[in-house]
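Please look at the model shown below before reading on. The report that follows takes up its confidence and the build of its chains.

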Amino acid sequence: MRNKYHVLVSALLCSFIYSTTSFATGPRVAPSLFVSNENQLYTLDLPPFISTKSEGHGLLFEIINTVLEAKKIAGNINILPSKNMAKYYFSQENALAIIGYNFNLNKEAQKHAIVVPILSIDEYYFFYQSPNEQSIQWNGELSSLKNKVYGTDKGGDVKKYQTVGIDVKYGRLYALLNKMQKNKVDFIKVPQLTMNIILEQNFPNEKHLFTKVQPKAGEINLGVIFNKRHPDGKISAENFKVGLSEIIANGQFKAILQKHLGGDVMVEPYLRYLNVK
Amino acid sequence: MKIVVFLLSFLCVSCSHTSLINNIESPETIGLSSARIQRIDALIDQHISEKKIAGAVTLIARKGKIAHLRAAGLADTNKAMQIDSIFRIVSMTKPITSTAIMVLYEQGKLLLSDPVSKYIPEFKNQKVVEMLPPGSNFPYKLVPVKREVTIHDLLTHQSGILYLASTGWFPNEKREQVVSFYRDAGITDGFCRPDESIGDMVKRLAKLPLYAQPGETWEYGLSVDVLGYLIEVISGQKFDQFVQSEIFDPLKMHDSHFYIPKNKLNRLAADWNSDWKGSLERVTKPLIDGDLALCPNDAYELSGKYLSGGASVLSTAYDYFRFAQMFLNNGELDGVRLLSRKTVELMTATNHIGKHDATLLHSHGWKFGLGFAIQQDRSHNVDSGDIGVYEWAGYYSTRFSINPKEQTVTIFLSQTSPFGAHFGLWDKITALSTSAIAD
């Protein structure tokens, strides 16, 4: 079990090290803006998991807040528009924690990171195609996308794409979607739920032209990275792990997922990295 | 049906031309010299013949009367410039937005000393970038603001908010660091119209660190875009609707728009790229130069989400004259009062930015008021004719100048990139306009 936990932590850290697409869009209002800068947990927008436009600021936001409240951990979640700011607060101002994915922490910052995984989310490749174009050939091997253009945010792991002859262009998610429409980017990697929301909000008349292809492209692992350098970092991380286990056991976790994703949601896939006691 | 629409459109354009031409006074009746005003024609024609610019509209007015309104050269390929051609006035939007703020000020809806966070809570707890000495473990730190950004700071560009393009104007490490946060957060200068609301952009911008402590520097930037959103929050109206009902309609600026109406598309002047040495090409693609991104073709879009208080308005020389004349008349035009005399005095006072100079378009000796650069003395390089002259300009080569002492308005509208080559032409036009005063 202990080994399994190490595998889990390594996997989650990797997801922070290796970048995928940035999802920061929309306004960043949070009640936490109005408190002092102590005990902040910094994060970025990733609808519907973290979003000021979602009820309760998103399901991950709500899960974390539920645990913080249950275990009386002093902390406020602050949604930032810039990943670099979140990293700055973690590494230079010893923020209590950062939340989410994809932070590319350097080795020094990783030494002080205590990762508490929460959710695992499938990611898919999406293509944009005109109604008459049916040229998508994704078979699970990146080599099948040779000569295509992959869009992602800066700082991500793009070597595996470049190695097989895939060109890479950078941008934020919204900009990448526009580039897909203009045939400047062929495909991106995004969780289905996120894509659904972004398309509904921004491309309601063309959402059917953004096509998801099977099989899934990968997973992102969302969690909290507590900071050992914060005076309460270690104890908060321990308490948080306990609290998370408790809300999974008592059904609160499932209830939050169902509230955000619908009553018939299958919870287990989201917990696949959490089967650790 | 199409023929009828075409004829009606043609008739409307003709009517508009006729009415403008009928409004033009003989220069001598208002103390200007016809012969000297013709020097402006010669200057513009020379620049057109040398292919430095494709075309321009110039307007000189005095004592509320237009003495000179002339279109020259091309508005587009094979299309002559017209006196009612519509231009991307870009940063000449800023005085309009500042005026809209002052309308709310006069309605008692805000104080200039109000912290912006009173209306846009994201402006609470802002940070400022402070660079650390070379050799430090980390290049910078973020320090809390000593005081909050106020509406006055936004009007006078003392907020510490930058334009991304400023990395090209005044490069330094600190500016680069601030702009890297802007890039990371998807902030743009708004010269290419983003497909998002101004509110979404401003709320992100508010969470990013400032370049300097509020009030401690003069930095031309996105401050006026923030004002545009502030107008939405305070008025409860969309920014463009507020400007339409409170400024464009009362001043009868019928050809001023945030997004061009379809029936006026044929009046929109094209943007041209000039090397200032005889190579002149119509711009067909976005112009990208480092962090500066210009999308002149966005002006052909009939609708969109983004309403930039710093850059979005399209207008004509005549409309902008009406706006400028309102200021010369101490806040009213044709019996409609937009602002009080005292507010106009406040906007055009020269001591808003203390020891700082507004050096971007001008030189030392120019200060920034509430929406304009204002000439403070006559001992420096750029002279627009008098202490107290106020003016501003736009990125596609547009400029206006208002001289309250001589009661003159000078407007030059072209659509030529890049921007930097045009300072000399603008200054000459202002000099020729001033030297046409003959009483």
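## Domains of chain B

Into which domains is chain B divided? Chain B is divided into domain 1 (25–92 + 253–280 + 315–435) and domain 2 (96–241), with bounds that come from an automatic or database domain assignment. The C-alpha centres of domain 1 of chain B and domain 2 of chain B lie 27 Å apart, and 18 residues of domain 1 of chain B are in contact with 16 residues of domain 2 of chain B, where contact means that the C-beta atoms of two residues, placed from the backbone, lie within 7 Å.

## How the model is to be read

This is a predicted model, in which local features need pLDDT of at least 70 and side-chain atom pairs count only at pLDDT 80 or more, while totals for chains, interfaces and linings use all residues. Residues are numbered from 1 along each chain as its sequence is written, and chains are lettered from A and ligands numbered from 1 in the order in which they are written.

## Confidence in chain A

The pLDDT, which is the predictor's confidence in each residue from 0 to 100, averages 81 over chain A, and 81% of the residues score at least 70. Over residues 11–37 of chain A the pLDDT is below 50, although this stretch has 101 contacts in the model beyond near neighbours in sequence.

## Overall form of chain B

Along its principal axes, the C-alpha trace of chain B spans about 65 × 45 × 45 Å. Of the 439 residues of chain B, 52% count as buried, that is, they have 20 or more other C-beta atoms within 10 Å of their own, with C-beta atoms placed from the backbone.

Notes. Buried ≥ 20, exposed ≤ 12 C-beta atoms within 10 Å, placed from the backbone.
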